[in-house]
Amino acid sequence: MIAGALQDWRTRPVDEEQVRLLDEVRECDLAINRAHAARAAAIDRVAVWVAGTAETGRPLPAMLLTREAQDAGETGRPLQRWSEKKAAEEGLVAELACLLRVHDNTARNLLCMSKMLQHELPATRAKLADGTISYRHAEIIVNNALSLPDDAWAAFEVEALTGVEDLTVGQLKKRAITVRELSHPESIVKRHKKALSERWFSVIPAQDGMACLEMILTQEDAAAITDRVDSLARSLHNAAEQEPVDTRTLGQQRLDVAVDLLLTGVTETGLGAGVQGLVNVTVPVLTLMGLSDEPGTLDGFGPIDAETARRVAATAKSFTRILIHPETSAVLSVGKTRYKVPADLKKWLEIRDGTCRFPGCTRQARHSEVDHTHDWQYNGETRWDNLAHLCKRGHRLKTESGWTAEQSTDGVMHWTSPAGKHYATHPATRLGPNSAAAASERAPAEQIPKRPVDVWAELADPNHDWARTPF
């Protein structure tokens with residue numbers, strides 16, 4: 001009976017509708033792969049065009065150069081300016097990043113990938129163009145090939161692509177690494193030394209008030225760190241089994257041990273003793289008073305729950321007093337003790353901007369420079385509506401390439417690229433009477449003045465009636 005049922009199951013007719021739907025999925029996947037190949041070709045064409053025809057470098061007065069370039073000129077060293085070729089290349093990277101809404105490093109990788117596919121790895125390009133492999137497969141081939149000498153690329157490509165039609169991305173990655181190791185003419189010692197110079201550390205914001213810490217380090221250091229953290233965590237875990245007060249899991253204890261070591265540990269040279277990280281937290285005043293559970297904001301990450309915001313505020317050793325309107329989120333006051341310009345104006349801008357204001361840049365404002373949107377050299381004023389934070393690269397793109405910027409009274413930066421495309425960046429925090437929230441609540445017929453009210457003048461006036469100030 002069972003054998004008969006099994007035979008019936010094996011001989012059942014194929015579900016034609018399911019086959020049709022699966023074929024539709026496969027056709028979409030093939031179209032995506034082909035589109036990636038077409039995009040790579042288009043990116044390479046624009047890169048070749050810019051390299052051959054673009055004229056983006058422009059002469060600059062010394063005052064418009066970066067501070068480092070000015071210092072170099074004053075001491076007789078060569079001015080640290082981009083060449084016209086470099087300005088064109090960096091302008092294209094920024095253009096591509098803004099166009100595709102990706103990080104500038106991603107745009108650089110796209111340019112490199114496109115060049116390799118179009119000129120150096122024809123077999124990989126062909127398989128991507130006919131849809132046989134995905135862009136992720138192609139990335140693995142290119143990334144591994146780039147670590148080999150130029151004359152080894154062709155042989156590596158042939159070996160790595162053998163049977164690639166049946167390999168997942170993970171399987172191809174494993175094969176490509178193996179082929180690369182076996183065919184690399186340089187010793188692993190030399191390659192490891194180079195890789196060591198490319199170690200790095202980063203923090204990636206995550207959901208629900210969490211974040212991901214990522215490090216690229218040597219295997220021996222990673223193994224030693226893992227062993228130390230695990231040993232300390234297991235000692236805590238074993239102690240908890242004897243006296244079950246600590247209810248954390250072993251995984252939670254490992255993480256907490258690592259955090260404690262990073263926050264309070266000291267290097268072999270004593271570096272880190274007494275040093276604490278700087279944390280900027282914006283807390284709505286009603287939340288701070290316990291009258292609201294509106295989330296606070298952790299600079300560089302985003303919203304945090306009210307309880308965490310109150311706890312961080314309670315343990316803070318110093319404050320910048322920022323009172324925020326509970327409904328409009330407009331700033332009502334900046335402590336009078338922090339009014340002086342330029343230090344307090346920069347602090348005000350730091351809170352408003354949050355990050356560098358160049359499109360797509362995520363570098364924190366406190367690690368960037370305050371720049372005059374309309375150049376001070378050409379009668380630009382040192383006002384809060386003509387100042388914004390730019391990282392060094394964003395500053396150089398604005399002053400040395402074809403990128404231009406304008407700032408509206410609500411703090412929105414309007415950028416125009418060398419190709420004439422427009423991009424906008426918005427402030428992280430709505431500050432001042434011309435905030436985005438306040439502007440949206442105005443009647444359509446009401447005209448926004450060309451110059452906003454000078455908030456700093458009002459803050460300096462101890463008799464100013466804030467109750468009558470519109471927000």
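## Helix α5 against α7

Contact here means heavy atoms within 4.5 Å. By that cut-off, in this predicted model, helix α5 meets helix α7 through residues from each side. From α5 come Leu110, Cys112, Met113, Met116 and Leu117. From α7 come Tyr135, Ala138, Glu139, Val142, Ala145 and Leu146. The residues of this contact divide into 10 nonpolar, no polar and one charged.

The geometry is a crossing. α5 spans residues 104-119 and α7 spans residues 135-146. Their axes come within 10 Å and cross at roughly 85°. Angles of 65 to 115 degrees count as roughly perpendicular, and α5 and α7 are therefore roughly perpendicular to each other.

## Helix α5 against α6

α5 also packs on α6, with axes that come within 6 Å and cross at roughly 100°. That makes α5 roughly perpendicular to α6. On the α5 side, the contact is made by Leu117, Gln118 and His119. Pro122, Thr124, Arg125 and Leu128 supply the α6 side. This contact divides into three nonpolar residues, three polar and one charged.

## Thr124 in α6

Is Thr124 buried or exposed? Thr124 is buried, with a relative accessible area of 0%. The residue sits in helix α6. Leaving aside residues up to four places away in sequence, Thr124 touches Leu117, Ile133, Ala138, Ile141, Glu157 and Leu161. Glu157 and Leu161 are buried residues of α8.

## The two faces of α8

Helix α8 covers residues 153-161. Its buried residues are Trp153, Phe156, Glu157, Ala160 and Leu161. Seen down the helix axis, they fall within an arc of 115°, so they line one face of α8. An α-helix has 3.6 residues a turn, so residues three or four places apart point the same way.

The opposite face of α8, turned away from the buried side, carries the exposed residues Ala154, Ala155 and Val158. What covers the buried residues? The cover includes α5, α6, α7 and α9. α6 runs over 122-129 and α9 over 169-183. After α8 comes Gly163, with a positive phi near 70°.

Most residues other than glycine have a negative phi. Arg101 has a positive value, near 55°. Arg101 lies in the loop between α4 (84-100) and α5. The residue is exposed, with a relative accessible area of 79%.

Asp208 also has a positive phi, about 60°, although it is not a glycine. Its loop runs between β1 (200-205) and β2 (211-216). Asp208 is exposed too, at a relative accessible area of 75%.

## The chain as a whole

The chain has 18 helices and 12 strands. Of its 471 residues, 35% are buried. Among contacts with a separation of 6 or more, 53% join residues 24 or more positions apart.

The chain exposes about 29,400 Å². Carbon and sulfur atoms supply 56% of that area.

Technical notes
Residues are numbered from 1 along each chain as its sequence is written. This is a predicted model: local features need pLDDT of at least 70, side-chain atom pairs count only at pLDDT 80 or more; totals for chains, interfaces and linings use all residues. Side-chain values use heavy atoms; hydrogens and water are left out. Axes are lines fitted to C-alpha atoms, for helices over the stretch in contact, and angles run from 0 to 180 degrees between N-to-C directions. Helices (H or I, at least four residues) and strands (E, at least two) are DSSP runs, numbered from the N terminus. Angles under 35 degrees count as roughly parallel, over 145 as roughly antiparallel, 65 to 115 as roughly perpendicular and the rest as oblique. Ala, Val, Leu, Ile, Met, Phe, Trp, Tyr, Cys and Pro count as nonpolar, Asp, Glu, Lys and Arg as charged, and the others, Gly among them, as polar. Buried means under 20% relative accessible area, exposed over 50%, partly exposed in between (1.4 Å probe, protein chains only). Accessible areas come from the Shrake-Rupley method with a 1.4 Å probe; for residues, only the protein chains shown count as cover. The arc is that of the directions from the helix axis to the C-beta atoms.
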